[in-house]
Amino acid sequence: MADDEALVDDGYEQVRPYALVLGRVTPSQQLDRASMVKAHPNLPSEPLQAHYASAFELCRAGAVSVAEVTAKLEQPLQIVKIWLSDLLDDGYLTNAAPDTWGAEAATDPHLLGAVLAGLHRL
């Protein structure tokens, strides 16, 4: 799909954001304001609704935080989290900062000591 305009399905009029999520209040993915997401390099095979296309477009340049997407779209945080969750579920986005530390890092005395030393230097 070479034309970015084909990303948008114009069949939706201006409606309240909560109507666009069908009244859902909880995203399917665990996202907070600092969560980072990025778009897969492949464009969607089917046109997206305008609100999804706007969120997807913001993620195409690289990893962005949920807070940044929320601010740029000027929508409520919970709504944007649901939109981004939907895009993650559909495979259009991916988590940009996967948890590679694992649970053992939280109890590693060397790591905790280094963090404490850094805090003392502040």
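At what angle do helix 2 and helix 4 pack, and how far apart are their axes? In this predicted model, helix 2 and helix 4 pack at an angle of about 75 degrees, with their axes 10 Å apart. Local features were taken only where pLDDT is at least 70 and side-chain atom pairs only at pLDDT 80 or more, whereas totals for chains, interfaces and linings use all residues. Residues are numbered from 1 along each chain as its sequence is written, and side-chain values use heavy atoms, with hydrogens and water left out.

The chain contains five helices and five strands; helices (H or I, at least four residues) and strands (E, at least two) are DSSP runs, numbered from the N terminus. Along the sequence these elements follow the pattern β-α-β-β-α-β-α-α-β-α. The chain has 122 residues, of which 30% count as buried. Here buried means under 20% relative accessible area, exposed means over 50%, and partly exposed lies in between (1.4 Å probe, protein chains only). Among contacts between residues at least 6 apart in sequence, 74% join residues at least 24 apart, where contact means heavy atoms within 4.5 Å.

The packing of the helices was described by axes, which are lines fitted to C-alpha atoms over the stretch in contact, with angles running from 0 to 180 degrees between N-to-C directions. Angles under 35 degrees count as roughly parallel, over 145 as roughly antiparallel, 65 to 115 as roughly perpendicular and the rest as oblique. Helix 2 and helix 4 are therefore roughly perpendicular to each other. In their contact, H51, Y52, A55, F56 and C59 of helix 2 meet W83, L84, D86 and L87 of helix 4. These residues divide into seven nonpolar, one polar and one charged. Ala, Val, Leu, Ile, Met, Phe, Trp, Tyr, Cys and Pro count as nonpolar, Asp, Glu, Lys and Arg as charged, and the others, Gly among them, as polar.

Helix 2 also packs against helix 3 (residues 66–73), where the two axes come within 10 Å and cross at roughly 130 degrees. That angle makes helix 2 oblique to helix 3. The crossing of helix 2 with helix 3 is right-handed; a crossing is left-handed if the near helix is turned anticlockwise from the far one by less than a right angle, and right-handed if clockwise. On the side of helix 2 the contact involves S54, A55, L58 and C59, and on the side of helix 3 it involves V69, K72 and L73. Five of these residues are nonpolar, one is polar and one is charged.

For helix 3 and helix 4, the packing angle is about 115 degrees and the axes are 9 Å apart. Helix 3 and helix 4 are therefore roughly perpendicular to each other, and their crossing is right-handed. V66, V69, T70 and L73 in helix 3 meet L77, V80, K81, W83 and L84 in helix 4. The residues of this contact comprise seven nonpolar, one polar and one charged.

The structure holds one aromatic pair. The ring centres of F56 and Y92 are 6.4 Å apart and their planes stand at 80 degrees, so the pair is edge-to-face. Rings of Phe, Tyr and Trp (its six-membered ring) pair if their centres lie within 6.5 Å; planes under 30 degrees apart count as stacked, over 60 as edge-to-face and the rest as tilted. The pair links distant parts of the chain, 36 residues apart: F56 belongs to helix 2 (residues 50–59), and Y92 to the loop between helix 4 (77–89) and strand 5 (93–95). Both F56 and Y92 are buried.

Several single residues were also examined. I82 lies in helix 4 and counts as buried, at 1% relative accessibility. The C-alpha atoms of I82 and Q29 are separated by 8.0 Å, although these residues are 53 apart along the chain. E74 is placed in the loop between helix 3 and helix 4 and is exposed, with a relative accessible area of 69%. Phi of E74 is near 55 degrees, a positive value in a residue other than glycine. Most residues other than glycine have a negative phi. R60, in the loop between helix 2 and strand 4 (64–65), is partly exposed, with a relative accessible area of 34%. The C-alpha atoms of R60 and H40, 20 residues apart along the chain, are separated by 7.6 Å.
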